[in-house]
Amino acid sequence: MELLRIESLKKTIRKRNILNGISLTVSSGEIVGFLGPNGAGKTTTIKMILGLFSITEGKITICGHDVVEEFEQAMLNVGGIVENPDLYKRLTGRENLEYFSSMYPDVSSNAIDEVVSLVKMSDRINDKVKTYSLGMCQRVGIAQALLHKPRLLVLDEPTNGLDPIGIKELRDLLKMLSKEAGVGIFISSHLLSEMELMCDRIIIIDNGFMIGEKTIVQTHRVEEDIYSYTFLTSDDARTLEFFKTMETNCQMENDGVSLIMKRSEIPAIIKGLIDENIDIYAVNQKQRTLEQDFISMTTGSKTQIR
């Protein structure tokens, strides 16, 4: 079931275009990642979904309800956290949830117990928030977002500040919510490896433009015969300079110089190195990663990005 639909979304602030025609969907039981550099428009998009920013052009619907024309009905179907959850530190986790539950109709004490159990905070929910780790605060924040049993969960950079254990716990929680509870999740993050482990689909945005969409299955198979190659040569510095003259995505690594290229173009690369009197000791082919896809899609001129 489709939970979120964004159509040709545009946002202009002080005559500056922040978003330029974003379109995407999120379905029930699906985790969709929203990936992009700083300033790409991720937080702006999320704030527009949650009704915190006005829409310049385009349309957002949540469970079929237009966020402009049917705001209250739309918001009843979505829960969200923008950056870190705002909790009252002098109150306990339960007191925070009881306070926030008063903003929704028909949220019972049993409903609070259910979400607390769901985020695995039963043992600490009666402690004051000031004693919580950041990971615990994120769990209570997600419990708060789930109080009214929304179908869609929207999270902006929820892993910020978490240690590796906290990140894994959050990842496991979100995957459980999507697969077992059928919640659709739309999540932005800078952590490429986490997006790869957590998401079913990833949408890439840069400079306000949506420039790509990938499923995780696609990131684990070769697309258009494009691979990452590492060259071990007699002169890594000259090899890197040669690759740069060809305007390829290349970089120096511990085991040589790597670049992303179509397989059919590799013979010409090798011939060019030989013509430059650079000896080639090995060429290793590697599977492309989400990080490589992200770098290749967000590097270059604005014309290339569009």
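## Basis of the description

Because the model is predicted, local features need pLDDT of at least 70 and side-chain atom pairs count only at pLDDT 80 or more, while totals for chains, interfaces and linings use all residues. Residues are numbered from 1 along each chain as its sequence is written, and side-chain values use heavy atoms, with hydrogens and water left out.

Helices (H or I, at least four residues) and strands (E, at least two) are DSSP runs, numbered from the N terminus. Two strands pair if DSSP finds at least two bridges between them.

Strand S1 (residues 2-13) and strand S2 (residues 16-27) run antiparallel and are joined by nine bridges. Thr12 stands opposite Asn17 in S2. The hairpin of S1 and S2 has two residues between the strands, and in this hairpin Arg14 takes a positive phi near 50 degrees.

S1 is also joined to strand S4 (residues 57-62) by five bridges, and these two strands run antiparallel. The bridge partner of Leu4 in S4 is Ile62.

## The six-stranded sheet

Six strands form an open sheet with mixed pairing, in the order S6-S7-S8-S3-S9-S10. Its edge strands, each pairing on one side only, are S6 (78-82) and S10 (209-215). On average, neighbouring strands of this sheet are turned by 15 degrees against each other, direction ignored. For such values, axes are lines fitted to C-alpha atoms, for helices over the stretch in contact, and angles run from 0 to 180 degrees between N-to-C directions. Within the sheet, strand S3 (residues 31-35) and strand S9 (residues 201-206) run parallel and are joined by four bridges. Leu35 has Ile204 in S9 as its bridge partner.

Helix H5 (residues 134-146) touches S6 and strand S7 (152-156), and its direction makes about 150 degrees with that of S6. Helix H6 (residues 164-180) touches S3, S7 and strand S8 (184-189), and its direction makes about 155 degrees with that of S8.

## The four-stranded sheet

A sheet of four strands is also open; its order is S12-S13-S11-S14 and its pairing is antiparallel. Strand S12 (249-253) and strand S14 (280-286) are the edge strands, each pairing on one side only. From one strand to the next, the twist averages 25 degrees. Six bridges hold the antiparallel pair of strand S11 (residues 226-233) and S14. In S14, Ile280 is the bridge partner of Thr233.

Helix H9 (residues 236-245) packs on this sheet and touches S11, S12 and strand S13 (256-262); its direction makes about 170 degrees with that of S12. Helix H10 (residues 266-275) packs there as well, touching S11, S13 and S14, and its direction makes about 20 degrees with that of S11.

## Pocket and cavity

Rolling a probe the size of a water molecule over the atoms shows where empty space is left. On a 1 Å grid over the protein atoms alone, a cavity is a set of points where a 1.4 Å probe fits but cannot get out, and a pocket is an open set with protein on both sides within 12 Å along at least five of seven lines; lining residues have an atom within 4 Å of a point. Grid points are joined across faces, edges and corners, and a volume is the space filled by probe spheres set on the points.

The largest pocket holds about 490 Å³ of space. Of the 20 residues that line the largest pocket, Leu50, Gly80, Ile81, Tyr104 and Gln144 lie nearest its centre. S6 gives the most to this lining, with five residues. The structure holds one cavity of 30 Å³ or more, and the largest cavity has about 40 Å³ of space. Its lining consists of Gly135, Gln138, Arg139, Leu162, Gly166, Glu169 and Leu170, and the elements giving two or more residues to this lining are H5 and H6.

## Aromatic pairs

Rings of Phe, Tyr and Trp (its six-membered ring) pair if their centres lie within 6.5 Å; planes under 30 degrees apart count as stacked, over 60 as edge-to-face and the rest as tilted. The whole structure has six aromatic pairs. One of them is the stacked pair of Tyr88 and Phe100, with 6.4 Å centre to centre and 25 degrees between the planes. Tyr88 lies in the loop between S6 and helix H3 (93-101), and Phe100 lies in helix H3, twelve residues apart.

Methods: Contact = heavy atoms within 4.5 Å.
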